[in-house]
Amino acid sequence: MPGGKTIFPGALKNRKEKQVIRLYGKVREVDGKKLWEDTQEVLGVPWDLPITGYNTERVNTLRLWEGRATEGFDLDSFDAGRYQDSRFREILAENISQVLYPNDSHPEGKELRFIQQYFFVACSLADLIARYKREHQGWEEFTRKVVIQLNDTHPAIAVPELMRILMDEEDFVFTRALEVCRSVFCYTNHTLLPEALETWPQGLVARVLPRHMQLIYKLNYHFLNKEVEVQWPGDHQMKRRLSIIEEPTNPAEPQMVRMAYLSVIGSHKVNGVAALHSMLVKANLFPEFDQLWPEKIVNVTNGVTPRRWLANCNPELAELIDQTLSGDWRSDLAQLSELKTRADDPQFQETFARIKLDNKKHLAGVIDELCGVKVNPEAIFDVQIKRLHEYKRQQLNLLHIIAIYRRLLEDPDLDVPQRVFIFAAKAAPGYLVAKNIIYAINRVAERVNNDRRIRDKLKAVFLPNYRVSLAEKIIPAANVSEQISTAGFEASGTGNMKFALNGALTIGTLDGANVEIAEEVGEDNIFIFGKTVDDVSDLRQRGYNPRDVYQHNEELKAVIDWLASGDFSPDEPDAFRPLLESLLDSDYFLTLADYQSYSDAHDRIVQAWKNPSHWWRMAIINTASMGKFSSDRSIVDYCKTIWNIEV
Ligand SMILES: *Cc1c(COP(=O)(O)O)cnc(C)c1O
């Protein structure tokens, strides 16, 4: 790559289509026109990454934006009160496009993060409008040509940004600008976790984007007094509840801008990412919006691309499928259902199992390389790979591993198959309990893997640096897929789909897309356990005390006491305190409440494994039943129910 370092590998810098983005400043009114003045400017430089499709001549462009200081940026003219020295230039120019905030569950309360969100939105919108104008006169075609999908609330500031462009630069009146926004924007909700619902302090928004704050107030006023008022006349409590501006209960706290409400109010459709999740979005997250706009909230169940998550990552299985089916399953995944006719065929089962074993041998090499642990490819490979979060319950898996270890120490001749438990995960940097769970898994694994008394019946490994390229090596080698989130917390999951597609059997709760996976594969071909969404809410209503479960379950109590004893970490007796406190003091994610049911489900897995023709029949049926979970089907659903595009 000529001309210095490449910040986006594989992308080409486009020097001609830069954007200038404004920040800070103030708004002045002249003859009824709003002028946003005395702003600071940042350059957005486009980098174009070609995206090649499958079996098509077309190549799309993913345009990424690099933040740069504007040339001749004048530090002296800068507001010295707030940003002395070169902090501003450094933060903005160097960091806007360099720091990816890794925390997917609660946003950092950082000005830079907010500026970053606005920067990417403003660059993309300006670019989109410039390209529209190159090909069209006037705005008549705009809403027919453009759709903007807000991927979670992170780009929600796009709503007031488009209103600003339309009203201040294109002379639209407010109501017409709002109509345009509501034609082009749609919003996908990705989580119900309350701490993940983004809000920004009103003062920060007003300081960084003063004109946008005015427009948010204007939109809020219109929404509450023209729309909420019609549905619930005179209901001030309702206006308070639905306001984009959250009033603090403590007046010393700041007012907050609710980005999710801004997204719902500015969009024509809002979708959840699995049937259960969309139901909960309607019933629990936005019930009033659902009453106000009964057609607005819809479901589009997520999917995964069969090209990456089967054809590319599992070439042997892809070849077997090619030899078995006549059509192009790569672009029509529903065709996999034909494989069901072969599920009982001993020859087909044997080939299917042999391919899985080959993949496991390859993964065993990777595990040895990365962890220095030798594992037997003939063992059950039981895998939990996903971001580390208490709701995903890696700690439940860990407690069960310790229980197996304990059972084996009590009876080393126990008639159980060899098992390898494989983890990979990253935790958000500030999430102490999550970090502690990673540490606990590693300490327990180290002990188990080196205990000769259990004669290799049990191994546990935690592979470092979890990422897509590692997932592509692990998933084709999995026998068991751990999808064990607390019911109601995993919006969809997509790892669950990748595993089942590659012939792993799921042990899972009735959460997210697991519900639909169970429907597709049939209840005999999946290991469902644990509390349902309704059970969880009943239990919370009754009042849940994890210590009751702990006191009454002998094995669970022994496992927790052992973890607390310091035996796994003699050098640091208190090493797992954050985890143990979380489990015993509140257990918000009901780990202990689901323990016995989880352990029983694992016993059913062991029984199934002991009957290979039964196991491989189930595995083949899983692969054969994944047609629905192609991302191609998801995209068709978006086209039909949200974008109004003919397919
Ligand atoms: C698929 C995938 C995920 C999502 O996994 P879930 O189990 O659905 O949470 C996360 N990270 C990587 C690298 C993935 O490939």
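User: At what angle do helix H5 and helix H7 pack, and how far apart are their axes?

Analyst: This is a predicted model, by the way. In it, H5 (residues 174–184) and H7 (residues 210–231) pack at an angle of about 90°, with their axes 12 Å apart.

User: Why are H5 and H7 called roughly perpendicular?

Analyst: Angles of 65 to 115 degrees count as roughly perpendicular. The angle here is about 90°, so H5 and H7 are roughly perpendicular to each other.

User: Which residues make the contact?

Analyst: From H5 you have Phe174, Thr175, Leu178 and Arg182, and from H7 there are Lys218, Leu219, His222 and Glu227. Sorted by class, that contact of H5 with H7 holds three nonpolar, two polar and three charged residues.

User: Moving on to strands, what makes E3 and E4 a pair?

Analyst: Two strands pair if there are at least two bridges between them. Strand E3 (residues 26–30) and strand E4 (residues 33–37) have five bridges, in the antiparallel sense. Glu29 stands opposite Lys34 in E4. The hairpin of E3 and E4 has two residues between the strands, and Asp31 takes a positive phi near 50° there.

User: Which side chains of strand E2 are buried?

Analyst: The side chains alternate along E2 (residues 19–23). Buried means under 20% relative accessible area. E2 also pairs with strand E5 (residues 40–52), antiparallel and over five bridges, and Gln19 stands opposite Gly44 in E5.

User: What makes E16 and E19 edge strands?

Analyst: Strand E16 (458–463) and strand E19 (527–528) each pair on one side only. They belong to an open sheet of six strands, in the order E16-E15-E14-E17-E18-E19, with parallel pairing.

User: How do you know that E18 and E19 pair?

Analyst: The cut-off is at least two bridges, and two bridges join strand E18 (residues 505–508) to E19, running parallel. Gly508 stands opposite Ile528 in E19.

User: Which strands does helix H15 lie across, and at what angle does it run to E15?

Analyst: Helix H15 (residues 394–410) lies across strand E14 (380–385), strand E15 (419–424), E16 and strand E17 (480–483), and runs at about 155° to E15. Angles over 145 degrees count as roughly antiparallel, so H15, at about 155° to E15, falls in that class.

User: And how is the protein divided into domains?

Analyst: Domain 1 covers 1–98, domain 2 takes 135–303 + 631–647, and domain 3 takes 329–489 + 524–629. The centres of domain 1 and domain 3 are 44 Å apart, taken over C-alpha atoms.

Key
Residues numbered from 1 in each chain as written. Predicted model: local features only at pLDDT ≥ 70, side-chain atom pairs only at ≥ 80, totals over all residues. Heavy atoms only, no water. Domains from an automatic or database assignment. Helix = DSSP H or I, 4+ residues; strand = E, 2+ residues; numbered from the N terminus. Axes fitted to C-alpha atoms, helices over the stretch in contact; angles between N-to-C directions. Parallel < 35°, antiparallel > 145°, perpendicular 65-115°, else oblique. Contact = heavy atoms within 4.5 Å. Nonpolar A, V, L, I, M, F, W, Y, C, P; charged D, E, K, R; others polar. Buried < 20%, exposed > 50% of the residue type's maximum accessible area, 1.4 Å probe, protein only.
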